[in-house]
Amino acid sequence: QLNPSTAQSQPTATPASSATKKARRLPTKANKGAHSESFDNAVDDDGFNYKKLRDRIRCYYKTHVQNSKKRLITLLKNPTRPKNQEVLVRIVDDIRAREAQSDDVADGGAEGGGGGGGMGTGSR
């Protein structure tokens, strides 16, 4: 029978855990594949860098999403303000219209067209 106090104090080093620890110590670039690394370091003759472009696009959309969340939270905190009420009513109407569109498409009643993108709220 194992003594619980000695079992906890004795470190158990398995090959998997030591490999995991070693991988965590490596810089993230060492864990990337060759294709990813070559894409990140690709620089055109004009000094164009895909990594910088990708990072700027990611940052732009991340900021856009964060600001949208903040606006929605502000609207929900103060729903009685007239301007906030107008915006919330428009949002609810838009969601209902999109749900009706997705129901029509699911039933086969809608003809092509229709918008894509935006807040998808249809059932999956």
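Predicted model: local features only at pLDDT ≥ 70, side-chain atom pairs only at ≥ 80, totals over all residues.
Visitor: How many salt bridges does the structure hold?

Guide: A salt bridge is called when a side-chain nitrogen of Lys or Arg lies within 4 Å of a carboxyl oxygen of Asp or Glu. By that reading, the structure holds three salt bridges.

Visitor: Which residues are linked in a network of salt bridges?

Guide: The network links Arg 54, Asp 55 and Arg 58. Asp 55 is bridged to Arg 54, with the closest N and O atoms 3.5 Å apart, and also to Arg 58, where the closest N and O atoms are 3.4 Å apart.

Visitor: Where do Arg 58 and Asp 55 lie?

Guide: Both belong to helix α4, which covers residues 50–77, and they are three residues apart, about one turn of the helix.

Visitor: What should I look for in helix α5?

Guide: Helix α5 spans residues 82–107 and contains Asp 94 and Arg 98, four residues apart, about one turn of the helix. Their side chains meet in a salt bridge, at 3.0 Å from N to O. As for accessibility, Asp 94 counts as partly exposed because its relative value is 31%, while Arg 98, with a relative accessible area of 26%, is partly exposed.

Technical notes:
Residues numbered from 1 in each chain as written. Heavy atoms only, no water. Helix = DSSP H or I, 4+ residues; strand = E, 2+ residues; numbered from the N terminus. Buried < 20%, exposed > 50% of the residue type's maximum accessible area, 1.4 Å probe, protein only.
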